[in-house]
Amino acid sequence: MEELSWLPILMYHRIVERGARSEEDPYAVSADILEAQLDWLATHSFAPVPLDLALQFPAPGEARRFAVTFDDGYADFLELVLPVLSRRGVPATVFVVSNAIGGHADWDGGARILSRDGVRELHSGGVFIGSHGRTHRRLAGLPPAELESEVLGSKGDLEDLLGAPVRHFAYPHHSFDRSAVEAVRDAGYDAAAGGHEATHDRFNLHRIDAVRLGKPRLGLRLRGVHRRARRLPFPMPVRNLLRVVT
Ligand SMILES: [Zn+2]
C-alpha cells in the first residue's frame with residue numbers, strides 16, 4: 001500500500017471581484033473572501049505548501065500544511081488572484097483546459113479563459129500549471145483515443161506552451177473511471193486531483209471545497225485532516241475524517 005500523506009488541499013474555481021455577488025455562479029468566491037480565508041489560516045499557523053508535498057510526509061513538528069488549487073484557469077486570475085497569492089507567498093496550482101486557452105469556458109457560462117501569454121505569465125510568476133484536460137469533458141466512459149487526447153494531449157499542449165513539465169492533472173467535473181486513471185498514470189503525471197468524494201489516493205487526491213466554508217469551519221476541516229494523518233494508516237476513507245470534523 002502506498003503511503004500518502006493527508007495534506008489538506010483546498011479547491012477553488014472562479015474568483016470574482018471584491019464584494020461581487022456570486023449567486024449566478026455557485027463555484028465563485030470573491031477575492032476578499034479568499035484573502036480572509038488565507039489570512040485566517042496564516043494567523044492560525046497553517047503553512048501553504050506546493051501540491052507536490054501532498055505525496056510526502058511532513059517532518060515531525062512541521063507546521064500544519066495545506067495546498068491551494070484553482071480549476072479552469074479564468075482570465076481574471078492574473079488581476080484578481082495572483083496579487084493576493086504573491087503578497088502572502090502562497091504557492092498555488094492552476095488546472096488549465098488547454099484547448100480553451102484564449103477562449104471562453106463553455107462549461108461555465110462563457111467566462112473568459114487565460115490567454116497563452118496569461119498562462120505563461122502565471123507560470124513565470126511561480127504558479128504551478130496543471131492540466132484540466134483539453135476540452136473539459138467528462139472522462140468516465142470516453143473511448144481510448146479521446147481519453148488519450150484529453151489526458152496526454154493536454155499535457156503536451158501545456159508543456160509546449162511553457163517549456164516545462166506539467167505534472168498534475170485535475171479531472172473535469174471530477175469525472176473519471178479506471179481507464180481514465182490509467183491514462184493519467186500512463187501519461188506520466190505524478191498525481192491527479194479529484195473533488196470532495198470520499199476517497200483519497202495519488203490519482204484521486206481528495207480536495208476540500210473552500211467555496212462555501214466559513215473560516216472556522218475551514219480551519220476545522222484542515223485540523224481534522226492533520227489529526228487523522230497522525231493517527232491512521234493510509235489511505236483510508238475520507239468519510240471517517242468527515243465524521244470527526246463535521
Ligand atoms: Zn473544471
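This is a predicted model: local features need pLDDT of at least 70, side-chain atom pairs count only at pLDDT 80 or more; totals for chains, interfaces and linings use all residues.
Local features are given for pLDDT of at least 70 and side-chain atom pairs count only at pLDDT 80 or more, while totals for chains, interfaces and linings use all residues. Numbering starts from 1 along each chain as its sequence is written.

**The strands**

Let's start with strand 6, residues 92-96. Helices (H or I, at least four residues) and strands (E, at least two) are DSSP runs, numbered from the N terminus. 5 of the 5 residues of strand 6 are buried, so the rest of the structure largely encloses it. Here a residue is buried if 20 or more other C-beta atoms, placed from the backbone, lie within 10 Å of its own; 12 or fewer makes it exposed, and in between it is partly exposed. A92, V94 and V96 point one way from the strand, T93 and F95 point the other way, and all are buried.

Now for who pairs with whom. Two strands pair if DSSP finds at least two bridges between them.

| Strand pair | Sense | Bridges |
|---|---|---|
| Strand 5 and strand 6 | parallel | 5 bridges |
| Strand 6 and strand 9 (residues 128-131) | parallel | 4 bridges |
| Strand 1 (residues 9-12) and strand 5 | parallel | 4 bridges |
| Strand 4 (residues 46-48) and strand 5 | parallel | 3 bridges |

If you want to trace individual residues, D71 has F95 of strand 6 as its bridge partner, and V68 stands opposite A92 in strand 6. V68 is also the strand 5 partner of L10, while P48 is bridged to F66 of strand 5. In strand 9, F128 partners T93.

**The helix contact**

Over to helix 5 (residues 144-162) and helix 6 (residues 178-186), which pack at about 45 degrees with their axes 9 Å apart. The axes are lines fitted to C-alpha atoms over the stretch in contact, with angles running from 0 to 180 degrees between N-to-C directions. The two helices are therefore oblique to each other; under 35 degrees would be roughly parallel, over 145 roughly antiparallel and 65 to 115 roughly perpendicular, with the rest oblique.

Which residues of helix 5 and helix 6 make the contact? Helix 5 brings L147, E148 and V151, and helix 6 brings S179, A180, A183 and V184, where contact means C-beta atoms, placed from the backbone, within 7 Å. These contact residues split into 5 nonpolar, 1 polar and 1 charged. Nonpolar covers Ala, Val, Leu, Ile, Met, Phe, Trp, Tyr, Cys and Pro, charged covers Asp, Glu, Lys and Arg, and the others, Gly among them, are polar.

Conventions
Two residues are in contact if their C-beta atoms, placed from the backbone, lie within 7 Å.
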